[in-house]
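Visitor: I've never seen this one before. Could you show it to me and take my questions as they come?

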Amino acid sequence: MTKTRGSTSFLLKTEAMQMRTWLVGVSAVALAGFASAKATDQDYPLRCGDLFGFTSAVPKGRADADQLDTSLNAKYWDTLGPTATPSMFNAMARSATSEGARRADEITSWGPDGPMAQEVFEAAKAAIAAHLRTDAGLSTELSGLMAEQLKGVTLIQTAEDYVGSYISHERRKGNATGEPELTVQAYRSYQSSCGRNGLKPNAFFALGSVVLCPGLALGLHDFDASRADAMDAMAYTLGHELGHAIDSSVWPQAYAGMAACYRSITQVTYIWEPGLADEITADHWGALVLARRLRARPAGPPSPEQVVKIIAYATDGYDAPQSSTHPPSQFRVNQTIARHPDMVGLLGCPGAGEPNPTCTLRGRLPTTASG
């Protein structure tokens with residue numbers, strides 16, 4: 001998913017053209033061990049070698065999100081001429097995003113038993129906070145500071161609330177832009193991540209809050225996901241965005257061991273540049289939240305095959321064209337998620353060990369003399 005903090009470094013911009021080469025190199029290095037494992041163990045599940053191949057093949061059963069987006073564009077945006085004033089744009093944006101959210105809720109028909117975002121959000125926050133207190137890779141002082149920062153993060157669920165928060169933030173900074181023009185900026189900021197009508201299946205971290213696009217629940221519905229699966233997939237996304245409140249750009253010292261681990265297993269020095277590292281650390285927290293929820297299901301954890309589907313729901317869009325601020329999708333799914341120490345067992349994959357290294361806050365698992 002996305003976030004809006006900071007700008008892409010010059011190094012990342014100049015090295016963006018190397019991403020395709022990097023993907024090939026990372027795939028070869030990070031997945032080399034799986035081939036040897038399968039050669040000696042005929043029961044080694046293929047999903048453990050290329051989880052991304054399985055998740056990217058999970059189809060959506062319907063296209064309600066796209067159809068609704070198209071109808072709202074025709075109703076609102078196709079009628080907005082080039083001479084529209086800021087006030088006209090704001091009225092259009094308010095109407096389009098409000099109707100998008102309302103109709104998305106009607107389509108999913110989850111109602112009061114649906115994926116209650118606030119509940120999922122608070123549970124995700126609690127899971128990360130609990131882990132911070134026990135992670136061996138963090139000092140007591142550092143984990144306390146990170147937990148305190150996490151505590152202040154709130155959830156924004158509507159475009160209108162985001163616009164209000166954006167304007168308040170800008171006014172506190174001394175921005176004296178006129179109200180209509182500043183409101184345009186706020187809506188455009190929201191739309192850059194949530195889409196014109198708020199229907200992009202996404203969430204992002206901004207203004208000290210996790211912003212949930214209404215399109216995320218609709219996108220999960222398009223997969224024909226059950227309520228339980230939808231809540232768990234949403235938990236991954238919210239956990240990822242909460243992770244941005246404590247990611248490597250905020251607390252680089254907390255991830256020194258993880259940074260060394262990823263540089264070691266990929267042999268790519270710029271993997272820990274701003275942007276890439278921030279997303280990897282956010283993926284780490286998203287995977288932790290998802291794994292904790294799956295293990296806590298009343299009937300017990302789902303089967304590895306069902307876990308694959310839930311990860312597919314959660315990572316919807318990871319097969320889109322990559323930017324210089326996100327690692328390749330194959331790497332994010334096959335390494336950061338699939339090799340997360342809390343996830344390997346749920347997937348029925350071998351635990352940490354050579355040739356399947358796992359990167360944690362305290363470094364590479366298992367720790368070996370060679371690193």
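Visitor: Is the crossing of α12 and α14 right-handed or left-handed?

Guide: First, a word on the source: this is a predicted model, where local features need pLDDT of at least 70 and side-chain atom pairs count only at pLDDT 80 or more, while totals for chains, interfaces and linings use all residues. Residues are numbered from 1 along each chain as its sequence is written, and side-chain values use heavy atoms, leaving out hydrogens and water. A crossing is called left-handed if the near helix is turned anticlockwise from the far one by less than a right angle, and right-handed if clockwise. For α12 and α14, the crossing is right-handed.

Visitor: At roughly what angle do the axes of α12 and α14 cross?

Guide: Axes here are lines fitted to C-alpha atoms, for helices over the stretch in contact, with angles from 0 to 180 degrees between N-to-C directions. Those of α12 (residues 227-243) and α14 (residues 276-295) come within 7 Å. They cross at roughly 145 degrees.

Visitor: Which strand pairs with β4 in the antiparallel sense?

Guide: Strands are DSSP runs of E, at least two residues long, and helices are runs of H or I, at least four, both numbered from the N terminus. Two strands pair if DSSP finds at least two bridges between them. β2 (residues 154-156) pairs with β4 in the parallel sense over three bridges, with T154 opposite S209. The antiparallel partner, over four bridges, is β3.

Visitor: Which residue in the turn between β3 and β4 has a positive phi?

Guide: β3 and β4 make a hairpin, with two residues between them. Across it, F205 has V210 as its bridge partner. The turn residue with a phi of about 60 degrees is L207.

Visitor: Are the residues on the two faces of β4 buried or exposed?

Guide: In a regular strand, side chains alternate between the two faces of the sheet. In β4, S209 and V211 sit on one side, and V210 and L212 on the other. Buried means under 20% relative accessible area, exposed over 50%, and partly exposed in between (1.4 Å probe, protein chains only). By that rule these four are all buried.

Visitor: Why does D64 count as buried?

Guide: D64 belongs to helix α5 (residues 64-75). Leaving aside residues up to four places away in sequence, D64 touches I107, L218, H221 and D222, where contact means heavy atoms within 4.5 Å. D64 counts as buried because its relative accessible area is 19%.
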